[in-house]
Each structure stands twice: as C-alpha cells, then as structure tokens.
Amino acid sequence: MMESLLIANRGEIARRIIRTAKTLGIRTIAVYSEADAGLPFVKEADDAVAIGPPPARESYLSEARILEAARKSGAAAIHPGYGFLSENADFAEAVEKAGMIWVGAPPAAIRAMGLKDAAKELMQAAGVPVTPGYLGPDQSEARLEAEADTIGYPVLIKAVAGGGGKGMRRVDRLEDFAELLASCRREAAASFGDDRVLIERYIANPRHIEVQVFADKSGNCVHLFERDCSLQRRHQKVIEEAPAPGLDAATRAAICDAAVKAAKAVNYVGAGTIEFIADASSGLDPDRIWFMEMNTRLQVEHPVTEAITGEDLVLWQLKVASGEPLPKSQDEIVINGWAFEARLYAENPAAGYLPSTGRLDHLRLPGAVRVDSGVDEGNEITAFYDPMIAKIIAHGPNRETALSKLAAACAGIEVWPVKSNAGLLARIATDPDFRTAQIDTGFLDRHGESLVASGPDETVIDKAATALSKGTVGDPWSALTGFRIAGPRDSRVRVRIDGHLHWGRAHGDLEANAVEMDGATVLFDAGNAWPIGLPHAGEVEANHGVGDGAILSPMPGLVISVDVAEGDPVAKGDRLLTVEAMKMEHTLRAPFDGIVGKLQVSPGVRVSETQLVVSVIKGED
C-alpha cells in the first residue's frame with residue numbers, strides 16, 4: 001500500500017478521499033488555492049500545499065504546480081478525484097513518468113474513451129450495443145443529411161468532442177437539418193476546437209442509466225450494478241438513485257455484462273462508469289438500451305453504489321492502484337436496499353437558478369442520513385468553482401423508505417444567507433410522479449414550475465406571523481395592523497417575507513422554525529429560507545395596503561446601470577436597474593404600474609443578495 005497520497009482536487013471529494021486514506025494509515029496531502037485556504041479539507045489533511053490564485057487554470061488545472069507540490073511534499077501517489085485533471089491523459093502520464101502512482105484510469109483508456117465517435121466504434125467492435133446512428137468520416141452536409149433520413153426523424157446532431165450539453169441539436173424534420181447542422185458545428189468549433197459531428201436516433205423518453213465498473217491490473221473486472229441518473233437539469237444531474245427503478249433481472253444482467261465488456265475492451269484499470277441511454281417509452285428492455293459514453297474516473301454519485309453494496313469505492317481505488325487484486329469477486333457483490341443522492345447547490349431556483357455566493361453564516365445539514373460536504377458553517381461559497389454545498393445520501397430497505405428519508409432530510413436543511421436548492425429537492429422527493437418512478441431526463445422541464453417555490457404559500461405566511469408574534473417583536477397587535485375601533489380584533493397580521501408584504505394569521509399551535517441572525521429573522525420551512533419581519537414604518541400606506549413594491553437584488557454583484565429616478569412613472573416590465581455578477585447580467589423590472597419610490601443604490605455600488613435596491617409604489621386601481 002502507498003505511504004502518502006496527494007489529492008489533486010478540493011471540497012467534498014477531497015474530504016471523502018482523505019477520510020478513507022486515513023483508515024488505511026496513508027499520509028494525506030491537500031493542495032489548495034488562495035480562495036480555499038480556510039476550507040475543511042485543507043485542515044483535515046496531514047499536510048497542505050498552496051498552489052496558486054483562485055482561478056482553476058492557475059491552481060487546480062495547473063499540472064506543473066500540482067506536480068511540484070507532489071515533489072515538494074514527497075507524495076507517493078496522486079488521486080485526481082473527479083473533474084479538473086481526472087480525465088487528462090497527459091497529466092496521468094506525467095504523474096507516472098515522475099515515478100508516482102496514478103490513482104485513476106490508464107492514459108490509453110482515457111484517450112480511447114475521450115472522443116464520442118471513436119468510443120462508439122470501439123464499443124461496436126466489442127459487441128456493446130450503441131445508439132443507432134452515423135459515426136463515419138464523411139462530414140459533408142449531403143452525407144449527414146442522407147444518414148439522418150435513413151435513421152429517421154427526429155435525430156440528434158452531436159459534436160464528436162462534445163460534453164456538458166454543448167454542440168447538440170435535435171432535428172425534427174428534413175427542412176431544418178442544414179440550419180441546425182451549421183449551428184451545431186459553429187458551437188462545437190468554438191467550444192472544443194473541433195466541428196465534427198455524429199448523428200444519432202433521438203430518444204423521445206430517455207432514461208440515463210449508468211453501470212459502475214471496477215478492474216484491477218491482473219485483468220479482473222466486475223460491475224457494482226447500476227445507477228439511474230435521469231433526473232437532470234440542462235444535462236447536469238440533480239438526484240441519482242440505485243438500483244434503477246423498473247429494471248428487471250434480465251435487463252440488469254444485459255447492461256451490466258455490456259458494461260464489463262466495454263471496460264475490458266480498453267484494458268481498463270480502476271473505477272469507471274459506463275453510461276447508457278434507454279428508450280423508456282415502453283418500459284426498460286435490453287433491445288432499447290444503448291451505450292452512450294464512458295467516464296474514466298470516480299463519479300460524483302458513487303455514494304449511492306456504496307450504500308447499496310456496502311463497499312468503499314475509494315478504498316477499492318487505493319488498493320487497485322497499489323497493485324492489489326479486486327477486494328471481491330462478482331458473486332460476492334450484492335444489492336442491499338435502495339439509495340438516493342441529492343446534490344445541494346448554492347443557487348436560487350426561483351430566480352432562474354442564478355448562482356448564489358457568500359458566507360455560510362448559518363448551515364444545518366441533516367444528521368440522520370449520510371452527508372458528504374465540502375464546507376462547514378462560516379465558510380465561503382465563491383464564484384470560482386462548482387457551487388455544490390453537499391451531497392445528501394439516503395438509504396433504506398426499499399425505494400419508498402429511502403425516498404421518504406431523502407424528503408425529510410432535504411426539508412430539514414437550513415442555509416443562510418446563501419440561497420440553495422434544498423426546497424426544490426424536498427419537493428421533488430415528494431412529487432407523486434417521482435415517487436412512482438415516472439421519470440426521464442425531461443422530468444424537471446415538465447414539472448419545473450410546480451416544483452420551484454416562487455413565493456411563500458399560505459402556510460409559510462401563517463408561520464411567519466406566528467413566529468413574529470412569539471419573537472422579539474412581541475404581541476402581533478403591537479403593529480396595530482389588526483386593530484379595529486369599536487369592533488372585534490382582526491386576527492390577520494401584516495408581515496414582510498423576502499421583501500414582499502402579506503397578510504397572515506398567527507396560530508398558537510403552529511410550529512414555526514425561525515432563527516435570529518445579525519438583526520434579521522429567518523424562517524426555515526421545507527428546505528426554504530424566508531427572511532421575515534414586520535412592515536417598515538409607513539410602508540403599508542405607501543403601498544396602499546397591497547402589492548409588494550420592494551425590489552431586491554437576486555444575487556450579490558455590481559450595479560452597472562440605473563435607468564430610473566425617484567418619482568418616475570413606470571409601467572409593469574419597465575427596466576429599473578441592472579446588476580452584474582459572475583459575468584452574468586440580471587435586469588430588475590417593475591412588478592406593476594406605479595411610481596419609483598426610494599432609490600437605494602447607484603451605478604458602481606456593490607450589493608448583496610436580497611438587498612433592497614429600489615421600491616415601486618403601486619398606483620391607484
């Protein structure tokens with residue numbers, strides 16, 4: 001077994017690798033950028049080496065700096081985790097050339113699976129089913145158009161060197177082919193420096209099913225069953241589960257055997273994932289499941305496989321990289337129960353999934369399930385890296401139990417002031433269609449509006465009123481909002497929630513989880529965080545008792561333009577000002593016809609997320 005290990009990664013996967021390495025008595029070495037100096041993985045490693053400024057290209061993607069850190073620290077091996085340099089064949093070769101152990105796929109296998117067309121040709125030769133399509137060298141428009149006609153519309157044009165959803169176009173009819181082909185080629189050339197494409201049959205009800213494979217240096221190869229990763233947004237996975245729902249024993253055996261064939265075809269070593277696309281329009285059948293691509297690394301979602309098999313995949317990686325045989329044979333690996341993984345991100349689903357950055361002043365993650373997190377309370381979410389806060393992994397004896405555990409875990413998450421998708425995850429886990437496994441990769445596109453909490457519902461409003469009536473505000477009648485001369489009290493209370501005004505009712509038996517932080521009161525409910533309070537002095541009158549004229553910044557950033565002045569009349573949809581963050585511009589517009597009230601900002605001013613920037617006073621009806 002290796003004596004020391006440098007982790008060429010950051011965040012939760014670095015912590016995950018450190019955790020297993022320590023159980024084996026391996027000295028761990030972290031590398032970190034200036035932005036990550038205070039993160040837990042740096043403190044938990046036995047040694048840590050700074051490798052540069054925050055931008056990834058100057059730190060985590062700098063092969064020279066990581067290799068120098070390895071030499072300086074005396075590392076015997078390097079584990080790349082996932083992302084960054086994990087599938088960089090040149091870096092893998094450089095590690096081995098430097099006399100260190102590469103805890104990853106062989107460089108030749110990485111290259112073999114790096115281009116979609118070459119990988120599919122290799123899989124066809126190995127007897128692995130691939131999606132019907134055209135992979136040939138003739139890239140003329142006429143040939144591609146003829147092949148699409150032979151396959152039958154709709155078809156998918158995909159960049160040979162593509163990834164992340166770029167360089168991909170669906171074509172529904174012959175008349176649109178030439179235009180969409182040209183568009184796809186332009187995007188492929190700009191993104192990958194390669195405008196070659198392939199043509200595939202378009203799958204109307206696609207399921208994304210992948211198989212975990214593992215091989216050692218002696219040629220032994222096994223699978224650890226499948227995962228279903230169909231719940232995606234913009235080709236990025238949101239919730240994964242294992243095993244795949246609706247997959248019978250015969251179909252499972254067929255795709256798992258195909259995955260092992262695929263790994264053996266490239267003389268694979270270590271952990272890898274064979275990804276398949278399934279046509280689920282009539283259930284799952286071996287004849288409608290095809291090879292899509294191979295990820296030559298550990299996957300983000302590997303914990304669900306660990307949960308149902310009881311195996312530690314990082315431990316397997318370290319043993320195999322050290323020259324040991326696979327810890328178990330195929331017959332010894334069995335499925336036990338069901339597992340889900342939900343990815344908790346720093347983003348705001350209600351604002352078009354805008355990224356959210358800043359300090360995690362308040363962070364409460366569930367304790368009853370497995371949580372793999374790269375941050376602790378008090379750490380910073382920056383704009384430099386993937387905005388993942390944590391992975392929530394729930395395991396149970398069956399799908400229903402595991403999903404109920406996941407729903408409860410996500411509903412109990414508390415994050416502030418950074419926005420998160422915890423509320424969205426909780427809603428997905430309780431959605432009737434998801435609970436009955438009526439899923440494909442378009443699930444979130446179809447259900448998005450019903451799953452995203454765009455504003456507080458009646459229960460949240462009443463909880464806010466209840467919390468304020470019991471908190472530092474005192475009696476709800478202190479605001480005099482419900483007072484009536486010579487009449488019974490009105491039980492309604494005027495409350496501010498996330499900058500908007502609402503009428504709510506306080507209930508003595510209603511449980512409200514509100515926390516006071518730095519002068520603000522935040523109500524946590526079903527994974528969502530709602531800043532609450534009583535109206536400001538005169539605010540109810542200024543808004544004529546209706547509406548929500550407070551305009552808040554949706555993200556931390558820079559005000560780059562202000563298009564109105566105080567007292568200006570505005571119509572619904574008029575541009576008020578523009579905020580820029582992370583190279584993204586967000587225009588704030590008037591929510592209704594009215595008059596511009598107090599302007600709180602000017603061009604060049606930096607604003608925080610949910611900061612009041614301007615108000616609009618609603619006109620008389």
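Tyr 385 is buried, with a relative accessible area of 10% (buried means under 20% relative accessible area, exposed over 50%, partly exposed in between, with a 1.4 Å probe and protein chains only). The model is predicted, so local features need pLDDT of at least 70 and side-chain atom pairs count only at pLDDT 80 or more, while totals for chains, interfaces and linings use all residues. Residues are numbered from 1 along each chain as its sequence is written, and side-chain values use heavy atoms, leaving out hydrogens and water.

A search of the whole structure finds seven aromatic pairs (rings of Phe, Tyr and Trp, the latter by its six-membered ring, pair if their centres lie within 6.5 Å; planes under 30 degrees apart count as stacked, over 60 as edge-to-face and the rest as tilted). One of them joins Tyr 60 and Tyr 385 edge-to-face, at 5.5 Å centre to centre and 80° between the planes. Tyr 60 is buried as well, with a relative accessible area of 0%. Together with Phe 84 and Phe 384, these two tyrosines form one aromatic cluster.

Phe 214 and Trp 316 also form an edge-to-face pair, because their ring centres are 5.2 Å apart and their planes stand at 70°. Phe 214 counts as buried at 0% relative accessibility, and Trp 316 does so at 1%.

Charged side chains meet rings too. Arg 399 lies over the face of Phe 434, 5.3 Å from the ring centre, and the charged end of Lys 618 sits over the ring of Phe 592, 5.2 Å from its centre (the criterion is NZ of Lys or CZ of Arg within 6 Å of the ring centre and within 35 degrees of the ring normal).
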